[in-house]
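Open the sequence and the 3D view side by side, and we will walk through them together.

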Amino acid sequence: MRKDFGAKPLLYPQPVLIIATYGEDGTPDAMNAAWGGISESNQVTMCLSAEHKTVKNILARGAFTISMADAAHVVACDYVGIVSGNDVPDKMDRAGFHTTKSQLVDAPLIDELPMALECKLISYDASSCRLVGEIVNVSADERILNEKGNIDPQKLEPITFDPANNAYLKLGEKVGNAFRDGISLK
């Protein structure tokens with residue numbers, strides 16, 4: 001038997017995205033968002049309301065980065081989501097985050113978070129809160145790469161948002177091989 005929950009944003013997993021920008025004065029800012037994902041091979045789409053300082057910064061500068069929140073930094077990642085840059089201008093310092101300017105877009109990379117998408121703004125619709133960005137580059141710290149030079153999720157330890165229980169979960173183990181395991185049913 002199934003239980004009905006009604007129309008709610010319950011989808012698993014929901015990535016915990018840390019969106020980073022520069023303010024007008026060059027101060028780094030970041031926010032936590034769970035409603036986002038890949039929408040084209042070189043695009044990301046997120047639902048971000050216009051009152052966020054981060055959104056204002058994106059509209060002003062035309063660029064942002066998206067880091068994957070990880071288990072090692074769950075407290076800092078949650079903090080940048082519950083405190084507004086409109087009210088706490090030094091929230092990055094308080095979170096313990098340090099930044100390096102991206103060489104490809106006018107936005108900061110968060111040094112502590114080892115994987116990031118570097119993006120340029122394509123469009124923003126304030127009425128639907130839909131922000132679309134072009135992925136210019138994906139950068140990853142070598143410490144999360146496997147022996148083949150690919151990103152290793154076990155080393156990255158990305159977290160996801162559990163909206164039904166207001167919790168963060170660490171992604172688990174490999175359970176199959178994409179584009180291969182289903183061949184047995186052909």
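**A guided walk through the model**

Three elements, β3 (28-33), α1 (53-61) and α2 (74-82), each supply at least two residues of the lining of the largest pocket. Please keep in mind as we go that this is a predicted model. Which element gives the largest share of the lining of the largest pocket? That is β3, with 5 residues. The space in this pocket comes to about 390 Å³. Its lining counts 24 residues, and those closest to the centre of the pocket are Met-31, Asn-32, Ala-33, His-52 and Gly-81.

Now let us turn to the strands. Strands of a sheet pair through backbone hydrogen bonds, and the pairing can be parallel or antiparallel. Start with strand β9 (residues 115-125), which pairs with strand β6 (residues 63-68) in the antiparallel sense over 5 bridges. To find this pairing on your screen, look for Thr-65, which stands opposite Glu-118 in β9.

Strand β9 also pairs with strand β10 (residues 130-140): these two run antiparallel and are joined by 10 bridges. Here Met-115 stands opposite Ala-140 in β10. How many residues lie between the strands in the hairpin of β9 and β10? There are 4, and in this hairpin Cys-129 takes a positive phi near 65 degrees.

Next, look for an open sheet of 3 strands, with the order β1-β11-β12 and antiparallel pairing. Why is one side of β1 and of β12 (167-170) left without a neighbour in the sheet? Both stand at the edges and each has a single partner strand, so one side of each has no neighbour there. Strand β11 (residues 159-162) and β12 run antiparallel and are joined by 4 bridges. A handy pair to look up is Thr-160 and its bridge partner in β12, Leu-169.

Phe-5, Leu-10 and Tyr-12 make a nonpolar surface patch of about 290 Å². Of these residues, Phe-5 can be found in the segment before β1 (14-15). Phe-5 has a relative accessibility of 46%, so it counts as partly exposed, a class that lies between buried, under 20%, and exposed, over 50%.

Note on methods:
Residues numbered from 1 in each chain as written. Predicted model: local features only at pLDDT ≥ 70, side-chain atom pairs only at ≥ 80, totals over all residues. Heavy atoms only, no water. Patch = residues over 30% accessible without salt bridge, like charges linked within 9 Å, V, L, I, M, F, W, Y side chains within 5 Å. Areas by Shrake-Rupley, 256 points an atom, 1.4 Å probe, with all protein chains shown as cover. Salt bridge = Lys/Arg side-chain N within 4 Å of Asp/Glu carboxyl O. Buried < 20%, exposed > 50% of the residue type's maximum accessible area, 1.4 Å probe, protein only. Pairing = 2+ DSSP bridges. 1 Å grid on protein atoms, 1.4 Å probe; cavity = no way out; pocket = protein on both sides within 12 Å on 5 of 7 lines; lining within 4 Å. Points joined across faces, edges and corners; volume = space filled by probe spheres on them.
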